[in-house]
Amino acid sequence: MPELVFFSGTMDCGKSTLALQITHNRSARGLQSVIFTRQDRAGEGKLSSRLGLVTDAVEVTDAMDLYAYVVGELSQGGKADYVIVDEAQFLASGQIDQLARIVDDLDMDVFAFGITTDFRTKLFPGSQRLIELADRIEQLQVEALCWCGARATHNARTVGGEMVVEGEQVVVGDVNRTVEVGYEVLCRRHHRRRMTSASARAAALSPDVLPVNRA
């Protein structure tokens with residue numbers, strides 16, 4: 001039976017790499033896909049991984065009906081055996097319902113990839129709806145690590161190098177570029193303490209406080 005599968009994890013868990021791997025493996029067997037994405041780091045209409053692999057994709061807009069798009073492709077003679085959705089956390093709740101309809105009405109597997117929570121530890125609407133509707137939820141096996149070596153479970157946003165916990169839910173940045181807005185994965189302890197790798201490094205470099213000698 002076809003399934004709606006949600007592959008979830010933190011930002012550095014290799015979700016886009018797995019999406020590209022599934023596409024490669026199935027295309028080698030003659031299966032064709034429709035690939036959706038939104039706000040990929042490589043630009044509009046692209047699915048890319050941090051390993052440098054890139055493929056073309058359909059950029060999802062706010063008003064797009066994903067079910068209608070796939071039906072349109074099929075009715076025009078196109079071939080599609082399954083659907084890949086990357087950055088699924090950025091989709092609207094209603095668009096996740098459309099993915100479920102593709103599975104149920106068109107008998108296609110849909111593989112959705114995304115991060116679960118934002119920098120405030122709140123669920124993205126798309127991820128929440130996937131958790132509610134998915135036939136299967138898979139935690140990605142590539143384990144992202146916090147700067148301290150513990151398992152990273154939270155996504156942190158930095159602005160000007162300082163961790164923030166307020167602001168718009170979606171602001172595109174990248175963990176590998178020196179930009180005004182950046183992102184880093186942390187364990188819960190250091191997310192709660194707002195201690196990124198940069199602030200931890202700064203604290204380690206600070207001189208020890210000298211003991212005060214009493215007269």
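Let's start at Arg 193, which sits in the loop between α5 (188–192) and α6 (197–205); helices here are DSSP runs of H or I with at least four residues, strands are E runs of at least two, and both are numbered from the N terminus. Keep in mind that this is a predicted model, where local features need pLDDT of at least 70, side-chain atom pairs count only at pLDDT 80 or more, and totals for chains, interfaces and linings use all residues. Residues are numbered from 1 along each chain as its sequence is written, and side-chain values use heavy atoms, with hydrogens and water left out.

Arg 193 has a relative accessible area of 54%, so it counts as exposed (buried is under 20%, exposed over 50%, partly exposed in between, with a 1.4 Å probe and protein chains only). Together with Arg 188, Arg 189 and Arg 192, Arg 193 makes up a positive surface patch. For a patch, residues need over 30% relative accessible area and no salt bridge, with like charges joined within 9 Å and nonpolar side chains (Val, Leu, Ile, Met, Phe, Trp, Tyr) within 5 Å.

Now head inside. The largest nonpolar core has 25 residues, and Leu 4, Phe 36, Val 83, Val 85, Leu 99, Ile 102 and Val 110 have the most contacts within it. Such a core is a set of buried Ala, Val, Leu, Ile, Met, Phe, Trp, Tyr and Cys residues joined through side-chain atoms within 4.5 Å. At least two residues of this core come from each of β1 (4–9), β2 (33–37), α2 (66–75), β6 (82–85), α3 (93–106) and β7 (109–115). Helix α3 gives the largest share, five residues.

On to the charges: the whole structure has 12 salt bridges, each a side-chain nitrogen of Lys or Arg within 4 Å of a carboxyl oxygen of Asp or Glu. One of them pairs Lys 15 with Glu 87, with the closest N and O atoms 3.1 Å apart. Lys 15 is in helix α1 (residues 15–27) and Glu 87 in the loop between β6 and α3, so this pair links parts of the chain 72 residues apart. Lys 15 is buried at 6% relative accessible area, and Glu 87 is buried too, at 8%.

Asp 97 and Arg 129 form another salt bridge, at 3.0 Å between the closest N and O atoms. Because Asp 97 lies in helix α3 and Arg 129 in helix α4 (residues 125–133), the pair ties together parts 32 residues apart in sequence. Asp 97 is partly exposed at 33%, as is Arg 129 at 23%.

Technical notes: Areas by Shrake-Rupley, 256 points an atom, 1.4 Å probe, with all protein chains shown as cover. Lys, Arg positive; Asp, Glu negative; His and termini not counted. Charge placed at Lys NZ, Arg CZ, Asp CG, Glu CD.
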